[in-house]
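Try each task before reading its solution.

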Amino acid sequence: MEKKTKNTKKFDIMNYFNVIRIAAALLLSIILVFIIIFFVSDMPVVAIQKLMLGPLETKRSFFNVIVRGIPLVFTGLGLTLCLKSGIFNISSDASFYMGAVVSTAIAISIPLPNIVHQTVQILVAAVVGGLISMLPVIVNKYTKVNPVVLAIMANSIFYYFGLSIISTFFLEPSGSWGSYKFPDDARLGAMIKGTSLHYGFLIMIVTTIFVIFLMNKTSFGYKVRVTGSNTAFAKASGIKTGFVILLAQFIGGAIAGMGGAIEIVGVYKRFQWQAQTNYVWDGLLIYMLSNGNPTYIPLTAFFIAYLRVGAEIMSRSSDLDPEIVTFLQGIIIFLVASQRFLYFIKQRHDQKLSLEQAESEEGGATA
Amino acid sequence: MMDFFMSPAFWKTVLASTTPVMLATLAANIMTKSGIFNLAIEGTMLICALAGVIASAFTQNLWLGCLIAVLMGIFVSFVFGYFALIMKGAMNACGVAMNLIASGGTVFVLVMLTGSKANSSALKSLTFPVVDIPVIKNIPVLGTILSGQNLVTYISWVIVAVTAWMLYKTKLGINIRAVGENPAAAKAAGIDVIFHQFVALAICGVACAFGGMYLSMGALRSFTTGMVAGRGYMSLAMDAMSQGNPVVGCLSSLLYGFSDTITVYLQLYSKIDLKLIEAFPYLFIIVVLVIIQSIRKSVARRKEKLASLNQAAI
C-alpha cells in the first residue's frame, strides 16, 4: 500500500512522452533546415534571424501572425473532427474555398443590415462546407476509392467550380481579376484600430471552445473518438458508426466553411483567390502537432502562422525562398507521424518498469 | 463540333496524355499489390521531373540524366518506405509529408538554380526524342496514332508489360503479391516482408521517375512549378478501378487520357467557363468509377445467388 502511494507521487517523465517526442521532432527538423540554409545561402545568419524573430520586429507583422493564424485554427479544428472519426478526410480546402465563394455571393447579391448580413454569410457557408465535407465519405461507399484520394479530388473540383462561379456571376469587368467589392455591412470590422485584426478572432475563440466542449464533454465527442479508434468495437457497442462519421464530417466541414467565409470578409475587400488555397496541409500539420487534442490547436496554429510570416520576412531580406517552410512542414510531419521515432526511450522505460514490477512481486512472494 | 472524335490526331493526343498517368497507375498498382498505400506518387513524380531536367542540363547527356532521375525516384520511394514501414508512420501522413517536401523543395531548388519561381527555361535541359516506328507508320489511321509518339510512351508500354509479367509469372512477383495479401502469412511462410515491399517501392520509384520525366522532358521542354497537377492522385483512383492489375490499370488510365484530351478540345470549341471544364476529368473518373463498382457488385451478387442455387439443387 505504501509503495503504491509513493509511485503515484513520483514524477514520471513518460507521462509527457508525446510532448517530448513532438518537441524533439520540431527541434530536429528546424536544425535540419538551419543546416540547409547555411549551405545554400550567402547570408545564413541574417536569414535565420529573420525567419525566427522577424515577426516580432514590428507591431504590424505581429498582428499579421494572428490574422494569418485565424484560418489555420478553423482548418485545424475542422480536421480534428474529420480525422478523429477515423476517416482521413482532408477535403477542408474544398469546404474552405466554397465557404468563401458562398459568402462572397451573399455579400454582393443580397442586401441585408449589418451583423445580420455577416451572420447569414457565415451560417450558409458553414452548411455548404459541411455538405461538401460529407461527399468523400459518401462517394467512397459507392466507389471504394480511398477517401484521401477522393478528398484531394474534391479540393480540385470545388476550386474550379467556385472559381467559375465567381468569374461568371460576380466578376468586376474592369481592373485586375476579382469580384465586386463587398459592401461595408458585409465585412468584419477591425477589432483593434490601426491593425489588421478583425472580429473573426472572437468567432475563432468561440468555435475553439465549442469544439473542445464537443469533443471532451459530450457523448457525441466520445462516440466520435471510439469510432475513430476502433470502428468494429463501436459498432458492437451499439454506436451508429455511419451516422457518427457523417455527422463528424459535417461539423468538421462546417467549421472549415466558416473559416473560409470569415477569412474572405475579414481580410479582403473583394474575392481575389485565383489559386487553390492550401490551408489543408497546414491544418494537417497543426492537427498532428497538437496530437489530436483541440485544446492545443490555437497554439500550434499560431506557431505555423509565425513560421509562415517569418519565412516571408526572410525572403524579403535574403536570397531564400519562403517555400522552405513547406519543406520544413513535410519533415516535421514525417517525424511526428513515425511511431518509432524516439521509440527506444519508451521501450527502455517500459522494460525498466516491468523489471521493477517483477522484482517487487518476487520480493512480496519471498516475504 | 464532335467531329474530333473521328480524327486520328485526337486519339494520338489521348495516347500522349495517358503516358504519365499510365506510369503513375502502374506505380500505384504495384504498391497496392504489395500492401502499401503510397500517396507520395505525386511528389515522387514532381521531384523526378525536376531531377531529370537538372541532371540532363548539367551532364548534357540524356541517358545519364535519365539514370539520375530514376535513381532519385528510387531514393524518394525508399525515404517514404523508411518512414512508413520501418518507422511505422501512418501511410497517409507520410505520403502527405513527402508531397509537401516535393512541392516546397522543388520550388526552393528551382529558385536557387535559376532565380525563377515559375519554370526552368533558364537551364538548357535535354528532351526525349519523338520516335517513328518503321513499318507501323505507313498504316493509314493506326500509323498516325501509334507511331510518332515520344520515346517515353514506348518505354512506358514496355515497363507495364514487364511489370505485369514479373507480378504474375515470376517467384519475386508472387512473393510480392503474397506480402500484400497477408503480411503475417507471408512472414510465416518464410518470405522477407520488408525486403519485398522495398523491391515494390523501387519499381514504383522507377515508374514515377519516367512519368515525371515525360512531363518535363517530353511533353514540355522544361520544368514548371507543380506540373504534375494531381496526376499522381488521379492514378490512385485508376488503381481502385483496376484493383491492382497492371494491364487493367493501363487500360483504365486511357480513360484519364481520353477525358484530359476532351477537356482541351472543349476549352477550344465550347462556350463553357474554362475553369469549369478543367474539373471535367475528375468528375468523369468518379462517375465511371461509380458505374464500374456497381456493375461489379451486381455481378458478385449474381454469382453468389447462382452458387446458392446450385447448392440447393445438389
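**Exercise 1.** How far apart do the C-alpha centres of domain 1 of chain A and domain 2 of chain A lie, and which residues does each domain cover?

*Solution.* The two C-alpha centres are 32 Å apart. Domain 1 of chain A is made of 1-41 + 320-367, while domain 2 of chain A is 66-314; such bounds come from an automatic or database domain assignment. A word on the ground rules: this is a predicted model, where local features need pLDDT of at least 70 and side-chain atom pairs count only at pLDDT 80 or more, but totals for chains, interfaces and linings use all residues. Residues are numbered from 1 along each chain as its sequence is written, with chains lettered from A and ligands numbered from 1 in the order in which they are written.

Domain 1 of chain A puts 11 residues into the contact and domain 2 of chain A puts in 10 (in contact means C-beta atoms, placed from the backbone, within 7 Å). On the domain 1 side, helix 2 (17-40) and helix 14 (324-337) of chain A each supply at least two residues; helices here are DSSP runs (H or I, at least four residues), numbered from the N terminus. Helix 14 of chain A has the largest share of that side, seven residues. Sorted by class, that side of domain 1 of chain A has nine nonpolar, two polar and no charged residues (Ala, Val, Leu, Ile, Met, Phe, Trp, Tyr, Cys and Pro count as nonpolar, Asp, Glu, Lys and Arg as charged, and the others, Gly among them, as polar).

**Exercise 2.** At what angle do the axes of helix 12 of chain A and helix 14 of chain A cross, and which residues meet?

*Solution.* Start with the axes, which are lines fitted to C-alpha atoms over the stretch in contact, with angles from 0 to 180 degrees between N-to-C directions. Those of helix 12 (residues 279-289) and helix 14 of chain A come within 10 Å and cross at roughly 35°. Then find the side chains: Trp281(A), Leu285(A), Met288(A) and Leu289(A) of helix 12 meet residues of helix 14 including Ile332(A) and Val336(A).

**Exercise 3.** Are helix 7 of chain B and helix 9 of chain B roughly parallel or roughly perpendicular to each other?

*Solution.* Check the geometry: helix 7 (residues 171-181) and helix 9 (residues 193-219) of chain B have axes that come within 9 Å and cross at roughly 110°. They are therefore roughly perpendicular (under 35 degrees is roughly parallel, over 145 roughly antiparallel, 65 to 115 roughly perpendicular, the rest oblique). Among the residues in this contact are Leu172(B) and Ile176(B) of helix 7 and His196(B) and Ala200(B) of helix 9. Its residues split into six nonpolar, three polar and no charged.

**Exercise 4.** Which helix of chain B gives the most to the side that touches chain A?

*Solution.* First, the totals: 38 residues of chain B are in contact with 38 residues of chain A. On the chain B side, helix 4 (91-114), helix 10 (231-242), helix 12 (274-278) and helix 13 (280-313) each supply at least two residues. Helix 4 of chain B gives the most, with 15 residues. This side of chain B divides into 27 nonpolar, seven polar and four charged residues.

Definitions and conventions
Two residues are in contact if their C-beta atoms, placed from the backbone, lie within 7 Å.
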